[in-house]
Each structure stands twice: as structure tokens, then as C-alpha cells.
Amino acid sequence: MRIAPLRPADLARGWTDVFCRARRPVEILLTTSLRSIARRQPEAFDRLGQVRHATIRINPVDLPVAFEMRPDGETGSIRIVRPNDGPGDASARISGPFLTLLALFDGRGDADGAFFHRCIDVDGDTAAILALHNVLEASELTMADILGLPRQFDPPLQTALSIARRWRERGARA
């Protein structure tokens, strides 16, 4: 008996199922982190205006899941969704490689450069994405802030992300 190898689509679907079943702890961590940032920097969320009530889908193209963020200050939330689900409540979507998106969120990445070099794709309510970009840039968040960790964890997190970026770049060249 010969067993056919898994096709990439089957493998991705399997990982998506695994991540979606185990999503609750990650959603709690990310939502808690978002709300913690809102408590420390309420003025950043005030600058969002009506956008704070929007739902923005963040779609890392190299992960089997996407995230829906509602940046509504201390009542904001982040949910894990299937990347191929319909837009649902999302009024805007930003897609790109996971490490690129992380760099944009912690301010180390150049959002304009990523957009114009087609590293990221934005659609839907671009005003919402632009408002979020402006707030993130002004907030000076660290990766530790985004993950809800104390700031002293940022240097080792940045080292780990730098190693991951180099590893990804080497893999892309091969």
C-alpha cells in the first residue's frame, strides 16, 4: 500500500486547525497586552478616533492563522481567525510576512517602504490602517510591550527576531 504525501494545502489546513483549536490562550495573552498598553498610553488610543471601533485583520502570509484586532482601548481585543475566512467584521486588512508585520508593529520596520516595495498589502479602509500606523509610530512600542512582557525582555526578543529574519532571508535565497 502506498500512502500519498501530504500536499502543502493539506498540511497548511492541518496546522490552521491545530492553531485555531488552541487559540484561546494566545487570544487572552494578546488581548491582555493590548489592554495593558491602553492603560499605559490612553492618549494613543484617543488619537485613533473612530478607528478604535474598527476591526483590522492582520494576515501574516507565512502563518496558518490571521488576527483580528479591535483597538478600542481598554475594551479592545485580538482574536485568532482562519486566514481564508471571509472579511467578517474587518473593515481593513494588512497582509505580509509575519516578521515584517512584527517589525511594523514595534516601530522597527519602515511601513511606507514595506508598502511601496510590495512587502505588505493593504486593502479595505486604508484610513484605518494609516491611523493605526501613525499611532504605532508615535507610541514607541517595544516587542516586549506587544507581547505583554516587561521591557527588560525586549533586547533578547530583538535578538531572537534578528536571528529569525536572517534565517528567513537565507531560506529565501536558497
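Beyond its neighbours within four places in sequence, Asn-59 is in contact with Val-65, Ala-66, Pro-83, Arg-93, Ile-94, Ser-95, Gly-96 and Leu-101. Keep in mind, as you look around, that this is a predicted model. The largest pocket holds about 760 Å³ of space, and the second largest pocket about 450 Å³.

**Asn-59**
- You will find Asn-59 in strand 1, which covers residues 56–60.
- Asn-59 counts as buried because its relative accessibility is 12%, and buried means under 20%.

**The largest pocket**
- In total, 36 residues line the largest pocket, and Leu-30, Phe-67, Ile-78, Leu-102 and Ile-146 are those nearest its centre.
- Helix 2 (residues 23–40) supplies the largest share of this lining, with seven residues.
- Sorted by class, the lining of the largest pocket has 33 nonpolar residues, two polar and one charged.

**The second largest pocket**
- About 450 Å³ of space lies in this pocket.
- Its lining has 19 residues, with Ala-111, Asp-112, Ile-120, Ile-129 and His-133 the closest to its centre.
- Helix 4 (98–105), helix 5 (111–116) and helix 6 are the elements that each give two or more residues to this lining.
- Helix 6 gives the most, with seven residues.
- The lining of the second largest pocket splits into twelve nonpolar, four polar and three charged residues.

**Helix 6**
- The 14 residues of helix 6 (residues 126–139) should span 20 Å at 1.5 Å a residue, and the end C-alpha atoms are 20 Å apart, so the two agree.
- Buried residues in helix 6 include Ala-128, Ile-129, Leu-132, His-133 and Leu-136.
- Just after helix 6, Glu-140 has a positive phi of about 55°.

Note on methods: Residues numbered from 1 in each chain as written. Predicted model: local features only at pLDDT ≥ 70, side-chain atom pairs only at ≥ 80, totals over all residues. Heavy atoms only, no water. Helix = DSSP H or I, 4+ residues; strand = E, 2+ residues; numbered from the N terminus. Buried < 20%, exposed > 50% of the residue type's maximum accessible area, 1.4 Å probe, protein only. Contact = heavy atoms within 4.5 Å. Expected span 1.5 Å × (residues − 1). 1 Å grid on protein atoms, 1.4 Å probe; cavity = no way out; pocket = protein on both sides within 12 Å on 5 of 7 lines; lining within 4 Å. Points joined across faces, edges and corners; volume = space filled by probe spheres on them. Nonpolar A, V, L, I, M, F, W, Y, C, P; charged D, E, K, R; others polar.
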